[in-house]
Amino acid sequence: AIEQFDASRTPSGLTESRYPANLEQFLASFSLYWVSMVHDHWMYRGDDEFTRQFLPGIGNVLGWWEGQVKTRGNRPVQWAWSPIGDKFLFSLTLQESAEMFEHFGKQCEAARYRQIAADLNRETYASNFDPQRGLLRDTPQRGYTQEVNTLAVLTDAVPHDAQRGLMERMLKDPSVVPAEMFYRYYLGRALKKTGLGDRYIENLGPWENMLRDGMQTFGEAMVNSRSDCHPWSATPPFEFLATVAGIEPASPGFRSVRIEPALGSLHHVHARMPHLLGPIEVWLNRTGDGLRARVSLPPGLAGVFAWKGQERPIRGTTELTF
């Protein structure tokens, strides 16, 4: 998929939104998602030589977006409901790109991408943060949305010490427009980032509704959806491993691991995750605020297990009590 989207890029710099296909279609935000695909593959699988070949294409995508953000101001780019969300999504992609470019020795490009993201964050936060509500405004038509506020947290446009409070206000306020299915991934990531991963399970309502309505696969939207196994709503399996079980790469190529569970209402979890070196497996049993954990890592992989602010090194098979 990464290779095919790269092959679809036009002289403008954008990738097609679906490829190969007889009918051309360009949705600008999908080109940013392609960059994130490359970043995620690099984080989970390494494969530096495979990743390196896409840096020129990533630069073209970011260049197109930089021009659009400068010239269009607060008008949405293409197939987007929110120009504010566009800017934060671009900022997030710039930061992911900077990590990759820095890794490959392209320090000037990495520094430039980080500077563009920082400037974009500062300007967008200053013009859209409502101090009375403690939330960021979206467009006048949309009011306040989970999408914009979630992305503002993920990009660090919101000061670190204010991020958790903003997320709590956003989740509590019924007037805030819920994130659509394709932004629920970012909502899950923001919950974990702000230490609210325990609330992930309680935000599975849209998927519970699909089951209630008799759907056998995940739909495209929360309202009037089809049971078409839509990929952008297929995020719970990822979050069950990354947030609930807490298993994530601690360095590019998954050369080390960080396990920080967020069990929510669950008391027992058994998770098994594939890794290049072999499976990562965890058994978790919670009693009150305490936790008993057993972790099995493949040979050659080590990392950290975190729980309630405590961290312990892990390697091989490790028994832990908190």
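In this predicted model, the second largest pocket has a volume of about 260 Å³. Its lining consists of 14 residues, and those nearest the centre are Gly195, Gly197, Glu260, Pro261 and Ala262. Two or more lining residues come from each of α9 and β8 (302-307). Sorted by class, the lining of this second largest pocket holds 5 nonpolar, 4 polar and 5 charged residues.

The largest pocket has a volume of about 1700 Å³. Among the 42 residues of its lining, Asp40, Glu96, Tyr185, Arg189 and Phe238 are the closest to its centre. Elements that supply at least two lining residues each are α2 (28-45), α5 (83-103), α9 (184-193), α11 (236-244) and β3 (247-249). Helix α2 provides the largest share of the lining, 11 residues. The class composition of the lining of the largest pocket is 22 nonpolar, 8 polar and 12 charged residues. Helix α9 is listed as a contributor to the largest pocket and also to the second largest pocket.

The largest nonpolar core comprises 89 residues, of which Ile58, Ile247, Ile259 and Phe305 touch the most other members. Its largest share, 9 residues, is drawn from α5. Helix α5 is also among the elements that line the largest pocket. With neighbours within four places in sequence set aside, Ile247 is in contact with Leu241, Ala242, Phe254, Val257, Arg258, Ile259, Ala271, Met273, Ile280 and Val282. One of these partners, Ile259, is itself named among the core members that touch the most others.

Phe254, a contact partner of Ile247, is found in the loop between β3 and β4 (257-259). Although Phe254 is not a glycine, its phi is positive, at about 55 degrees. Phe254 has a relative accessible area of 2% and is therefore classed as buried, the cut-off being under 20%. A positive phi of about 65 degrees is likewise found at Asp156, which is not a glycine either. Asp156 is located in the loop between α7 and α8 (160-172). The relative accessible area of Asp156 is 32%, so this residue counts as partly exposed. A further backbone feature is the cis peptide bond between Tyr19 and Pro20, with an omega of about -5 degrees. Pro20 belongs to the loop between α1 (2-7) and α2.

Two threonines were examined in the region of α7. Thr145 is placed in the loop between β2 (135-136) and α7 (146-154). Its relative accessible area is 0%, and Thr145 is therefore buried. The side chain of Thr145 forms a polar contact, at 2.7 Å, with the side chain of Asp138. Beyond residues up to four places away in sequence, Thr145 touches Asp138, Val176 and Val177.

Thr150 lies within helix α7 itself. With a relative accessible area of 2%, Thr150 is buried. A polar atom of the Thr150 side chain lies 2.8 Å from the backbone oxygen of Gln146. Apart from neighbours within four places in sequence, the contacts of Thr150 are with Met170, Tyr186, Leu187 and Ala190.

Ala117 is part of helix α6 (residues 107-128). A relative accessibility of 1% places Ala117 in the buried class. The C-alpha atom of Ala117 is separated by 9.9 Å from that of Leu89, a residue 28 positions apart along the chain.

Key
Residues numbered from 1 in each chain as written. Predicted model: local features only at pLDDT ≥ 70, side-chain atom pairs only at ≥ 80, totals over all residues. Heavy atoms only, no water. Helix = DSSP H or I, 4+ residues; strand = E, 2+ residues; numbered from the N terminus. Buried < 20%, exposed > 50% of the residue type's maximum accessible area, 1.4 Å probe, protein only. Polar contact = N/O pair within 3.5 Å; in protein donor to acceptor, adjacent residues only side chain to side chain. Contact = heavy atoms within 4.5 Å. 1 Å grid on protein atoms, 1.4 Å probe; cavity = no way out; pocket = protein on both sides within 12 Å on 5 of 7 lines; lining within 4 Å. Points joined across faces, edges and corners; volume = space filled by probe spheres on them. Nonpolar A, V, L, I, M, F, W, Y, C, P; charged D, E, K, R; others polar. Core = buried A, V, L, I, M, F, W, Y, C linked by side-chain atoms within 4.5 Å.
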